[in-house]
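Try each one on your own before reading the solution.

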Amino acid sequence: MIKHIVFFRLADKAEGKSKIENARIIKEGLLSLVNKVPCLKQIEVGLNIPYAPATDYDIALTCLFDTWDDLNTYAIHPEHLKVAAYIGKCKTSRAACDYEI
């Protein structure tokens, strides 16, 4: 199996919304992908606690796939690209790690 972990740091304001509003929209969008992208086996999205250090990331995403090809299919899936486009308008930074388990 392949584990895909991504962290996002969000702007304080983007798309006319606050950071927490955008974090919730992004979380909802990401979680909806489990029903739209067949190769996505599992997804978990966590929002950082409000009183965490400012250097922390705001969103943690963890996904599971059977194969590397499945991860690549997910990356270009139209439903994923819709959510990714919104994230792109809100994020200030991203970090990721993919590995076999």
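**Exercise 1.** Find which side chain makes a polar contact with the side chain of His-4, then decide whether His-4 is buried or exposed.

*Solution.* Keep in mind that this is a predicted model.
- Start with the partner: the His-4 side chain has a polar contact, at 2.4 Å, with the side chain of Asp-98.
- Next, burial. The cut-off for buried is under 20% relative accessible area, and His-4 comes in at 8%, so His-4 counts as buried.
- Now look around it. Leaving out residues up to four places away in sequence, the residues His-4 touches include Leu-61, Phe-65, Leu-71, Tyr-74 and Asp-98.

**Exercise 2.** Work out which strand holds His-4 and which strands pair with S1.

*Solution.* 
- His-4 sits in strand S1, residues 2-10.
- S1 runs antiparallel to S5 (residues 59-65), with seven bridges joining the two. For a spot check, Lys-3 has Leu-64 as its bridge partner in S5.
- S1 also pairs with S6 (residues 91-100), again antiparallel, over nine bridges. Here, Leu-10 is opposite Lys-91 of S6.

**Exercise 3.** Describe how helices H2 and H3 pack, and say which residues meet.

*Solution.* 
- For H2 (residues 68-76) and H3 (residues 78-90), the angle is about 60° and the axes are 5 Å apart. That angle makes H2 oblique to H3.
- At the contact, Tyr-74, Ala-75 and Ile-76 of H2 meet Pro-78, His-80 and Leu-81 of H3.
- Sorted by class, that's five nonpolar residues, one polar and no charged ones.

Definitions and conventions:
Residues are numbered from 1 along each chain as its sequence is written. This is a predicted model: local features need pLDDT of at least 70, side-chain atom pairs count only at pLDDT 80 or more; totals for chains, interfaces and linings use all residues. Side-chain values use heavy atoms; hydrogens and water are left out. Axes are lines fitted to C-alpha atoms, for helices over the stretch in contact, and angles run from 0 to 180 degrees between N-to-C directions. Helices (H or I, at least four residues) and strands (E, at least two) are DSSP runs, numbered from the N terminus. Angles under 35 degrees count as roughly parallel, over 145 as roughly antiparallel, 65 to 115 as roughly perpendicular and the rest as oblique. Contact means heavy atoms within 4.5 Å. Ala, Val, Leu, Ile, Met, Phe, Trp, Tyr, Cys and Pro count as nonpolar, Asp, Glu, Lys and Arg as charged, and the others, Gly among them, as polar. Buried means under 20% relative accessible area, exposed over 50%, partly exposed in between (1.4 Å probe, protein chains only). A polar contact is a pair of N or O atoms within 3.5 Å; within protein, one must be able to donate a hydrogen and the other to accept it, and residues adjacent in sequence count only if both atoms are side-chain atoms. Two strands pair if DSSP finds at least two bridges between them.
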